[in-house]
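Hello,

Here is the structure I promised to pass on. Please open it first, then read my notes below.

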Amino acid sequence: MGGSVVVGLDGAGNSVPAVRWGAEEAAARGLPLHLLHSWVSQPLNLPIAQEAANKKRYGAEVLESAEAVALELHPGISVTAEQVSEQAVDALVDRSRQATMMVLGSRGHGAIAGFLLGSVSLHVLGRAQCPVITVREEEATTYGRPEVVVGVQEAGTQGEAVLDFAFSAAEAHHTSVRAVRAWEPATVTDFVPTAPAHPPDDEELAAGEEKKLAGILAPWRAKFPDVDVIAHVQRGRIAPVLLGTCSQARLLVVGRRMHRTPMLLGPVVFAALHHSFCPVAVVPRI
């Protein structure tokens with residue numbers, strides 16, 4: 001299973017878009033696809049009996065159907081299926097240690113109680129060791145601007161995993177990267193007594209941010225010479241700026257800090273998951 005694209009299946013309708021997305025990623029990257037279903041974590045509202053045998057039988061049908069969908073879309077990929085007796089969160093987090101990426105479905109746009117709050121997806125997103133992509137059940141299969149949007153706020157090694165995932169995704173799908181950096185005007189209290197009497201104006205601040213972004217992107221342009229890069233610097237807070245640029249994108253890539261407590265996910269990740277209309281990749285970083 002090492003290096004595979006893992007798709008978590010709960011047996012509900014939202015699994016189908018996740019299977020489609022996972023199959024496409026596996027085909028584009030030349031990776032095997034691994035389908036995983038936990039029969040002990042099936043949704044309570046499914047019209048099946050509660051006996052273990054019936055749950056296992058239903059799980060086998062879920063996996064068989066998902067495999068058929070994947071192979072119909074991409075006949076050449078390698079597909080494996082696994083039904084486990086572990087809780088879904090534990091199984092998925094364990095598999096994430098060796099996977100290249102993981103794909104999960106959600107139950108619709110803005111459905112906080114069904115998708116995030118206390119759900120399997122929330123805990124997997126906060127604990128997974130690999131990037132996790134969430135795909136909504138009403139997700140469109142075509143995109144008006146098929147680019148990969150990535151937030152770039154930190155220089156150095158902290159942002160490397162996020163940028164590497166974004167550029168690799170763009171390369172695999174022959175599309176561009178829109179690297180987004182947001183900035184806010186400094187307040188009077190931000191300046192020390194020895195600062196110049198006239199603080200920099202918005203144009204100077206914007207130019208400085210553009211220079212910072214260019215410096216961050218330079219090694220990635222060199223590493224991925226075939227990927228078209230759009231440097232996007234905009235005044236505002238990072239979450240709304242990102243959401244404004246990805247309304248028709250193929251994928252939005254954001255990073256999360258590892259071992260974050262007490263909240264597993266930060267405010268930018270939450271905003272992306274709640275409000276983005278395109279799939280969201282959450283990439284763990286140091």
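**Strand 4, then the rest**

Strand 4 is covered on both faces: Met101, Val103 and Gly105 are buried on one side, and Met102, Leu104 and Ser106 are buried on the other. In a regular strand, side chains alternate between the two faces of the sheet. Six of the six residues of strand 4 (residues 101-106) are buried, so the rest of the structure largely encloses this strand. Keep in mind that this is a predicted model.

Which strands pair with strand 4? Strand 1 (residues 5-9) is one of them: it runs parallel to strand 4, with three bridges between the two. Val7 has Val103 as its bridge partner there. Strand 5 also runs parallel to strand 4, and five bridges join them. Here Met102 is partnered by Val132 of strand 5.

**The whole protein**

Now step back. The protein has nine helices and 10 strands. Of its 286 residues, 47% are buried. Take the contacts with a separation of 6 or more: 79% of them come from residues 24 or more positions apart.

Trp183 stands opposite Arg235 of strand 8.

Two packed helices are described by the angle between their axes and the distance between the axes. The crossing is right-handed.

Which residues meet here? Helix 8 brings Ile238, Ala239, Leu242 and Leu243, while helix 9 brings Val268, Ala271, Ala272 and His275. By class, this contact has seven nonpolar residues, one polar residue and no charged ones.

**Helix 1**

Helix 1 (residues 15-29) has 15 residues. From first C-alpha to last, helix 1 reaches 21 Å, close to the 21 Å expected at 1.5 Å a residue. Its buried residues are Ser15, Pro17, Ala18, Val19, Trp21, Gly22, Ala23, Glu25 and Ala26. An α-helix has 3.6 residues a turn, so residues three or four places apart point the same way. Gly30 follows helix 1, and its phi is positive, near 70°.

Most residues other than glycine have a negative phi. His174 has a positive one, near 55°. Where is His174 found? This residue is in the loop between helix 6 (160-172) and strand 7. Is His174 buried or exposed? Its relative accessibility is 75%, and the cut-off for exposed is over 50%, so His174 counts as exposed.

Over to you.

Methods:
Residues numbered from 1 in each chain as written. Predicted model: local features only at pLDDT ≥ 70, side-chain atom pairs only at ≥ 80, totals over all residues. Heavy atoms only, no water. Pairing = 2+ DSSP bridges. Helix = DSSP H or I, 4+ residues; strand = E, 2+ residues; numbered from the N terminus. Left-handed = near helix turned anticlockwise from the far one by under 90°. Contact = heavy atoms within 4.5 Å. Nonpolar A, V, L, I, M, F, W, Y, C, P; charged D, E, K, R; others polar. Buried < 20%, exposed > 50% of the residue type's maximum accessible area, 1.4 Å probe, protein only. Expected span 1.5 Å × (residues − 1).
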